[in-house]
Amino acid sequence: MKKYDVVALGELLIDFTENGESTQGNRLFEANPGGAPCNVLAMLQKLNYRTAFIGKVGQDMFGMLLKNVLLEVGIETAGLCFDGSVNTTLAFVRNNEDGDRDFSFYRNPGADMMLTTADLQEELLSDCRLFHFGTLSMTSGEAANATRRAVELAKKAGAHISFDPNIRKPLWNSMEDAKKAVEYGMQQCDILKISDDEILWFTGMDDYEKAASYLCARYQIPLLFVSLGADGSMAFCKDNQVYAPAFRMNGTIDTTGAGDTFMGCVLSNVLEHGLTLSEAQLKQMLMFANAAAALITTRKGALRVMPAKDEILHLIKSSKNIQ
């Protein structure tokens, strides 16, 4: 038995999301705790899995807020470090009319970029069943070295490796550097979640099935997921390829965290059933993950408001969109 089901490394930040206007007509922003790796862990915690986070925040009001939120949702904070010289990373998120989002980051540098190999709590990495990471921790040298060292330690201890590129173009000096980071993640991972935009950018293929099959074969990835936004998702496992449509929700207000919610549900299924899944298991997995992702889009933020299992199952049961 391992002490933790999932340990994740990466960014922990404040997402300032639009929330109306003041009486003076000024735009209001709500400070939502966020960061993709911790959103994934929060979903897993909601499903009663044991999780821990590795990362760095500033020794400031936002850093303390973020630590308290992790404790509130049950994520272990032994791997969370504080930096007294660099502020907590901030992101301002604007939702466009087409449903896409624009990000403005205050991260030059941000505390999450300052994580070093010396900061790693190695006992967390040697005592987990699964290790999850993305590319934002690989945009700067020190944090990139820490990320690679964490992957090395987790693999050595026998953990499955999960990777979600979660590319944010404004944070990269060049997209060639971003591609190198994504390729590293693909070389290391057992589970890959990649968006439709990312797989097109990385492979140059607009046929998602062919692109996913290519990645599985080239990088020997046992389990791959393509998230298609409002069009649903796809899963690839050996010779099995499965598609599931999205759940249509009334009251969608914020898509931030939808992919992370999806990922948390996927990893819960891997923890339960392993990496080799039948077509029926893949279909059930996608339905559950799609439903959870749909629910989170009706809420502001993600980390604090992940859906409960009974909410997800109720949506699946009541939906007329899934055949």
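Modeller: Lysine 238 has its place in the loop between β12 (233-237) and β13 (240-244), where helices (H or I, at least four residues) and strands (E, at least two) are DSSP runs numbered from the N terminus. The model is predicted, and for that reason local features need pLDDT of at least 70 and side-chain atom pairs count only at pLDDT 80 or more, whereas totals for chains, interfaces and linings use all residues. Residues are numbered from 1 along each chain as its sequence is written, and side-chain values use heavy atoms, with hydrogens and water left out.

Biologist: Why is lysine 238 called exposed?

Modeller: The term rests on relative accessible area (buried is under 20%, exposed over 50%, partly exposed in between, with a 1.4 Å probe and protein chains only). Lysine 238 has a value of 70%, and therefore it counts as exposed.

Biologist: What makes the peptide bond between asparagine 108 and proline 109 cis?

Modeller: Its omega is about 0 degrees. Proline 109 is found in the loop between β7 (101-106) and α3 (122-126).

Biologist: How do you know whether lysine 169 is buried or exposed?

Modeller: Lysine 169, in the loop between β9 (160-163) and α5 (175-188), has a relative accessible area of 54%, and so it is exposed. Its C-alpha atom is separated by 9.5 Å from that of phenylalanine 103, 66 residues apart along the chain.

Biologist: Why is leucine 41 called buried?

Modeller: Leucine 41, in helix α1, has a relative accessible area of 0%, and therefore it is buried. Taking contact as heavy atoms within 4.5 Å, and not counting residues up to four places away in sequence, leucine 41 touches Val6, Ala8, Thr51, Ala52, Phe53 and Ile75. Leucine 41 and leucine 267 are 226 residues apart in sequence, yet 9.7 Å apart in space, C-alpha to C-alpha.

Biologist: Why are α1 and α8 called oblique?

Modeller: The axes of α1 (residues 36-46) and α8 (residues 258-273) come within 8 Å and cross at roughly 50 degrees; such axes are lines fitted to C-alpha atoms, for helices over the stretch in contact, and the angles run from 0 to 180 degrees between N-to-C directions. Angles under 35 degrees count as roughly parallel, over 145 as roughly antiparallel, 65 to 115 as roughly perpendicular and the rest as oblique, and α1 and α8 are therefore oblique to each other. Ala36, Asn39, Val40, Met43 and Leu44 of α1 make the contact with Asp260, Thr261, Met263, Gly264, Cys265, Leu267, Ser268 and Leu271 of α8.

Biologist: What makes α5 and α7 roughly perpendicular?

Modeller: The axes of α5 and helix α7 (residues 208-219) come within 9 Å and cross at roughly 65 degrees, and α5 and α7 are therefore roughly perpendicular to each other. The contact involves Glu183, Met186 and Gln187 of α5 and Leu215, Arg218 and Tyr219 of α7.

Biologist: How do you know that α9 is mostly covered?

Modeller: Of the 18 residues of α9, 13 are buried. Helix α9 (residues 279-296) reaches 26 Å from its first C-alpha to its last, close to the 26 Å expected at 1.5 Å a residue, the expected span being 1.5 Å times one less than the number of residues. Isoleucine 296 lies in α9 and, at 0% relative accessibility, counts as buried. Leaving aside neighbours within four places in sequence, its contacts include Asp254, Gly257, Ala258, Thr261 and Pro307.

Biologist: At what angle do the axes of α8 and α9 cross?

Modeller: They cross at roughly 145 degrees and come within 8 Å.
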